[in-house]
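These are my notebook entries on a single protein chain. I set out to look up selected residues, a helix pair and a pocket.

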Amino acid sequence: MKRGLLIIMSGPSGVGKGTIREKLMEDKSLNLFYSVSMTTRSPRPGEVDGREYYFVSKEDFKKNIENDNLLEWAEFVGNFYGTPKDKVENMRNEGKNVLLEIDVNGTKTVLSKLDRNDVISIFIAPPSLEELENRIRGRSTETDEVIKNRLAQASRELGQKDQYRFVVINDKLEDAVEECRKIILSN
């Protein structure tokens, strides 16, 4: 059995990564398994443990770091996020193409540990920072202070998009999904 691909998708908070991921997961020809990240942040309304994230305590998260069970991890806006290594490796060994939705620092960490030819890295970019702010504010889930932090982080992340093999601008959702789909199928 052929080992599955590792596909990294990242970009600023609010750019539409989750929506693109959901659409890609519907396409069975891509043979995708979504790697659910672990986080210490509280669930947003409607989020379910094990579906959007594994919601854990800071103590549990630190145990995973100590046990070297995170492919990458980072702290962002006061919370920890990471990718459980054991689940990713099990799925790839079963021939599944594993999709990671991680930040730019996580991408750097993963790319430093693995052969870059074994990873498809896709940066999802907004059409503009103004449009990104509109999308984040439209969610009505964060305070003004958190939104300002997210926009400052987005600006820094946009400056690192050249580290990725592919950049997809999410101006129209359907076009961005199709572009990501073509990238995965061509690899």
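Entry 1: L30 and L32.
I began with L30, which sits in the loop between α1 and β2; helices are DSSP runs of H or I with at least four residues and strands are runs of E with at least two, numbered from the N terminus. Before going further I noted that this is a predicted model, in which local features need pLDDT of at least 70 and side-chain atom pairs count only at pLDDT 80 or more, while totals for chains, interfaces and linings use all residues. I also noted that residues are numbered from 1 along each chain as its sequence is written, and that side-chain values use heavy atoms, with hydrogens and water left out.

Is L30 buried or exposed? I found L30 buried, because its relative accessibility is 1% (buried means under 20% relative accessible area, exposed over 50%, and partly exposed in between, with a 1.4 Å probe and protein chains only). Leaving aside neighbours within four places in sequence, I listed L24, N97, R181, I184 and L185 as the contacts of L30, where contact means heavy atoms within 4.5 Å. I then looked up L30 against V168: these two are 138 residues apart along the chain, and their C-alpha atoms are separated by 18 Å.

L32 is buried, with a relative accessible area of 13%. Not counting residues up to four places away in sequence, L32 touches I7, L24, M25 and N97. From L32 to N67 I recorded 27 Å between C-alpha atoms, for 35 residues along the chain.

Entry 2: backbone angles and loops.
D68 has a positive phi of about 55 degrees although it is not a glycine. I placed D68 in the loop between α2 (58–66) and β5, and D68 counts as partly exposed because its relative accessibility is 48%. V77, also not a glycine, has a positive phi near 50 degrees. V77 lies in the loop between β5 and β6 and is partly exposed at 36% relative accessibility.

G78 is likewise in the loop between β5 and β6, and I noted it as partly exposed at 39%. How far apart in space are G78 and R41, C-alpha to C-alpha? I found 8.2 Å, against 37 residues in sequence. In helix α2 I looked up K62, which is partly exposed with a relative accessible area of 44%. K62 and F80 are 18 residues apart in sequence and 9.3 Å apart in space, C-alpha to C-alpha.

Entry 3: the helix pair α5 and α6.
I recorded an angle of about 145 degrees between α5 and α6, with their axes 11 Å apart; axes are lines fitted to C-alpha atoms, for helices over the stretch in contact, and angles run from 0 to 180 degrees between N-to-C directions. From α5, the contact uses L129, L132, E133, I136, R137 and R139. From α6, it uses D144, I147, R150, L151, A154, S155 and L158. By class I counted 7 nonpolar, 1 polar and 5 charged residues in this contact (Ala, Val, Leu, Ile, Met, Phe, Trp, Tyr, Cys and Pro are nonpolar, Asp, Glu, Lys and Arg charged, and the others, Gly among them, polar).

Entry 4: the largest pocket.
I noted 33 residues lining the largest pocket, with K17, R44, Y53, E101 and R139 nearest its centre. A pocket here is an open set of points on a 1 Å grid over the protein atoms alone, where a 1.4 Å probe fits, with protein on both sides within 12 Å along at least five of seven lines; lining residues have an atom within 4 Å of a point. Which elements give two or more residues to the lining? I listed α1 (17–25), β5 (70–76), β6 (79–84), α5 (129–139) and α6 (144–158). α1 gives the most, with 5 residues. The lining divides into 9 nonpolar, 10 polar and 14 charged residues.
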